[in-house]
Amino acid sequence: MPAVHVTTTVNGDRLDYVCESDETLLDCLRDRLGLTGAKEGCGTGDCGACSIILDGRLVCSCLVLGVEAENREIETVEGLAEGDNLHPLQRKFLEHAALQCGICTPGILMAAKALLDRNPSPTEEEIRFGLAGNLCRCTGYDKIVRAVQDAAKELQGA
Amino acid sequence: MRYEAPVSLEAASALLAEAPAQSFVLAGGTDLLVRMKGGFVEPELIVDIKHIPDLQELRLDKDGFVIGAAVPCAALGENVELSAQWPGVVEAANLIGSKQIQGRCTIVGNLCNASPAADSVPALVTAAAKVRIRGRKGTRTVAIETIPVGPGKTSLAKGEFIEAVLLEKRRPRSADAYLRFIPRSEMDIAVVSAGVDLERDKAGVITKARVALGAVAPTVMLVEAAAAAIIGSKLEDKALTALAEACSAACQPINDKRGTVEFRTKVAGVLARRAAQIAYQRAGER
C-alpha cells in the first residue's frame, strides 16, 4: 500500500505525517501525531468519542481518512486549554463532576465547543440534540448538560 | 488502495471511467468508511470529489436550487433560502445521524447508498427533485426516483456519478413536509417515513400533490393514488382518511425487529396524514 505524505494544521500548528491511504484520521492523530485525546469507541460514527472539529465542522475522526486532512484545519481537545489555563468548558466539567471514566469526555467537549461556536446561548433542548451523537455510559447526561449551560453562561460574560 | 482527489469534473469522470471494479466515490464517507471498516468493501480506488469547486456549491439560480454532490447536509440547514422554500427537504436531511454525521454526509450519498430507509430521499422525491449525472460522454438529468432500484443498487452506469441535485423554485401557495417514525427522538434510521408536497389555490383547494413513502418497500415509493386522494380537497377528514388508506395499501414492507408489517403499514398512513396537514398549513402561510 502506498504511503501518503499529508500536511495539515492541528490546533494552529502546521504538522506533517505519512500514512496509508485507507488509514482513518483518528488513527493518524493518535498513532502518527501522538494526540491521544480523541478516543476510539465504536469506530463506526455512532458514539462520538473521536469527535474533532474539521474546518469548523464537528465530525467523527473515525469516519475521515487521514489523507483527507491535507491542507485542512483540525481542532482537537488538546487545543482547548491555553497552557495551564483550562477552557471554560473543561473547568465547568470538573466543577459539575460531568465526567467519571473520561473516555467520552474529549469528544463531548469538542461537540460542546462546536455547538457554542455556532450557538453561544443554546437552550437545554438544543444542548441535548447537539450532544446526541456522543454516548456516555457512566456519568449520566444531566451533569454534562448543566456543565455546558454553565460554561455558555460564563463565555457569554454573564 | 489508491486515493485520488481530482479538482475538475472531467478529471473525476476520467478516473471513474477507467476505474477498477472496486472503486468508490467519496463525499462525506459516513457510509463508505463504515463499510470499509466492516470488511464489506475493499476499495482499490477512492475518488474524493470534495476538491471539485462545482460540487461544493449550494446556489439558487434562475431555475432553482443546485445542490452540489459534496455539500454536507448541515449546510442545507444553514441555507436560509433553501430552508424557507423546501422545509421538508431540509428537515429530512437534518434527521440523518448526529451533528457529527450531518457535518459530513450528503444527500447524494444518502441517495446512492440506496437504503430503502434513507431519510432525505422520500422528501426529495415529493419535491420532484432531479439529479444531474456525469458520465464520460457528458451529462444527463433524470428524476431522482429513477436512481435507487433496490437495496444498495442504483441505476447509475459504470463510471457515472451524480454532480448535483436540482430543486425548482418554490411556487406560490405550495409547501412540503417530511416525517419519520423512529422509536427514540434522535440518532436512528427510519422505520417508516412519509413526505408530502402540495399546492393549493386561493380558496384552499389542493391543486397538485406528491406523496412518497420510505422504508416500506425495497425502494422509495411515489404513491400517485395517495396524491389523487387529496387533490381537489381542502384536506377534510374524508380526504385525509383516503390519503392514509392509499398509503397503507401501497406498502410492501419487510417484517423485522424494528417494525412489523402491520405496524409499518398502519404508520405509513398516519405519517402521510400528519405530513399533509403540516404541508397544507405551510402552503397557506405563503
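What covers the buried residues of α2(A)? Keep that question in mind as we walk through this structure, which is a predicted model.

Let us start with the helix itself. Helix α2 of chain A runs over residues 88-95, and its buried residues are Leu89(A), Gln90(A), Lys92(A) and Phe93(A). If you look down the axis of α2(A), these buried residues fall within an arc of 165 degrees, so they line one face of the helix. Now turn to the face that points away from the buried side: there you will find the exposed residues Leu94(A) and Glu95(A). As for our opening question, the cover over the buried residues of α2(A) includes two helices of chain A, α3 (105-118) and α5 (141-155). After α2(A) comes Ala97(A), which has a positive phi, near 50 degrees.

Stay in chain A for a moment and find Asp31(A), which sits in helix α1 (residues 25-32).

Next, move over to chain B and look for a sheet. Strands of a sheet pair through backbone hydrogen bonds, either parallel or antiparallel. Here, four strands form an open sheet in the order β11-β12-β13-β14 of chain B, and the pairing is antiparallel. At the edges lie β11 (174-181) and β14 (221-222) of chain B, each of which pairs on one side only. The partner of β14(B) is β13 (residues 206-214) of chain B, and two bridges join this antiparallel pair. Within the pair, Leu213(B) stands opposite Met221(B) of β14(B). A helix packs on this sheet too: α11 (residues 261-284) of chain B touches β11, β12 (192-200) and β13 of chain B, and its direction makes about 30 degrees with that of β12(B).

Finally, let us see where the two chains meet. In this model, 21 residues of chain B are in contact with 24 residues of chain A. On the chain B side, the elements giving two or more residues are β1 (2-4), α2 (32-37) and α6 (99-102) of chain B. The largest share, four residues, comes from α2(B). Sorted by class, the side of chain B that touches chain A has nine nonpolar, six polar and six charged residues.

Technical notes:
Residues numbered from 1 in each chain as written. Chains lettered and ligands numbered in written order. Predicted model: local features only at pLDDT ≥ 70, side-chain atom pairs only at ≥ 80, totals over all residues. Buried ≥ 20, exposed ≤ 12 C-beta atoms within 10 Å, placed from the backbone. Arc of directions from axis to C-beta. Contact = placed C-beta atoms within 7 Å. Pairing = 2+ DSSP bridges. Axes fitted to C-alpha atoms, helices over the stretch in contact; angles between N-to-C directions. Nonpolar A, V, L, I, M, F, W, Y, C, P; charged D, E, K, R; others polar.
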